[in-house]
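Me: Hey, I've just opened this one and I'm new to it. Can we walk through it together?

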Amino acid sequence: MEEMKRKILVVSHCFFNDGTKLKYENIEDAKKEREQKRDFLRKMIDEGVELIQLPCPEFLLYGANRWGHAASQFDTPFYKEASKKLLEPILLQLREYQKNGDRFELLGVVGIDGSPSCGIQFTYDGNWGGEFAGNPNLEQTLESIERIEKPGVFMEVFMNELKNANVKIDFHTMGSIYETMGG
Ligand code: SF4
């Protein structure tokens, strides 16, 4: 009898661990996002999906007390190079799964929309940076943040690395992966 292919899904780190998220997030929004993520994980487990957790680049590089960032603040050679290194073990695993395509199906990568690192369909960017205390137009600076229809920097690096390694896997939000699975 032919064995069922194992479905492999890669998810952002904070699907499993909200400890890596920024402090002072809006409590209601954070609670809602956590519930959505937990529901999503339960559904994936019930569907028999195998889950790989990505590292959290922001927590690893800037720690638990980092400020919230705009996407372009992470668009630096250092951040991108560090992202590549963090993603290398994941990339190697995905290459191995793809090589054994008779047993595995690469279902997708699911990120966190809005994040400057893990956004998939959109992120946020603005003219942020510098000393808060010395900024004469702080309010204006903070308000310059706006939604941008592009992935976060970590996911952009991941997309490029996968492409270079010829690994075929689609990127999704929680909503779009449900649609793919017919749910
Ligand atoms: S960087 Fe990604 S994994 Fe880390 S807290 Fe933000 S969205 Fe979650």
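Predicted model: local features only at pLDDT ≥ 70, side-chain atom pairs only at ≥ 80, totals over all residues.

Me: OK, so is Tyr 24 buried or exposed?

Reply: Tyr 24 has 8 other C-beta atoms within 10 Å, so it is exposed. You'll find Tyr 24 in the loop between strand E1 (6–11) and H1. Its phi is positive, near 65°, and Tyr 24 is a residue other than glycine.

Me: And what about Asn 166, where is that?

Reply: Asn 166 is in the loop between H6 and strand E6 (171–172). Its phi is positive too, about 60°, although Asn 166 is not a glycine. With 8 other C-beta atoms within 10 Å, Asn 166 is exposed.

Me: Back to H1. How many residues does it have?

Reply: Helix H1 covers residues 27–46, which is 20 residues. From first C-alpha to last, H1 reaches 28 Å, close to the 28 Å expected at 1.5 Å a residue.

Me: Does H1 lie in the open or is it buried, and why?

Reply: The number of buried residues in H1 is two out of 20, so H1 lies largely in the open.

Me: Pick a residue in there for me.

Reply: Take Ala 30, which is found in helix H1. Ala 30 has 15 other C-beta atoms within 10 Å, so it comes out as partly exposed.

Me: What follows H1?

Reply: Gly 48 follows H1, and its phi is positive, near 80°.

Me: Switching topic: which residues come nearest the ligand?

Reply: His 13, Cys 14, Cys 56, Ser 115 and Cys 118 come nearest, out of 13 residues around the ligand.

Me: How does that shell divide into nonpolar, polar and charged?

Reply: The shell around the ligand has six nonpolar residues, five polar and two charged.

Me: Last one. How do H4 and H6 cross?

Reply: The axes of helix H4 (residues 77–99) and helix H6 (residues 153–164) come within 9 Å and cross at roughly 55°. That makes H4 oblique to H6.

Me: Right-handed or left-handed?

Reply: Right-handed: that is the crossing in which H4 passes H6.

Note on methods:
Residues numbered from 1 in each chain as written. Helix = DSSP H or I, 4+ residues; strand = E, 2+ residues; numbered from the N terminus. Expected span 1.5 Å × (residues − 1). Buried ≥ 20, exposed ≤ 12 C-beta atoms within 10 Å, placed from the backbone. Near = placed C-beta within 6 Å. Nonpolar A, V, L, I, M, F, W, Y, C, P; charged D, E, K, R; others polar. Axes fitted to C-alpha atoms, helices over the stretch in contact; angles between N-to-C directions. Parallel < 35°, antiparallel > 145°, perpendicular 65-115°, else oblique. Left-handed = near helix turned anticlockwise from the far one by under 90°.
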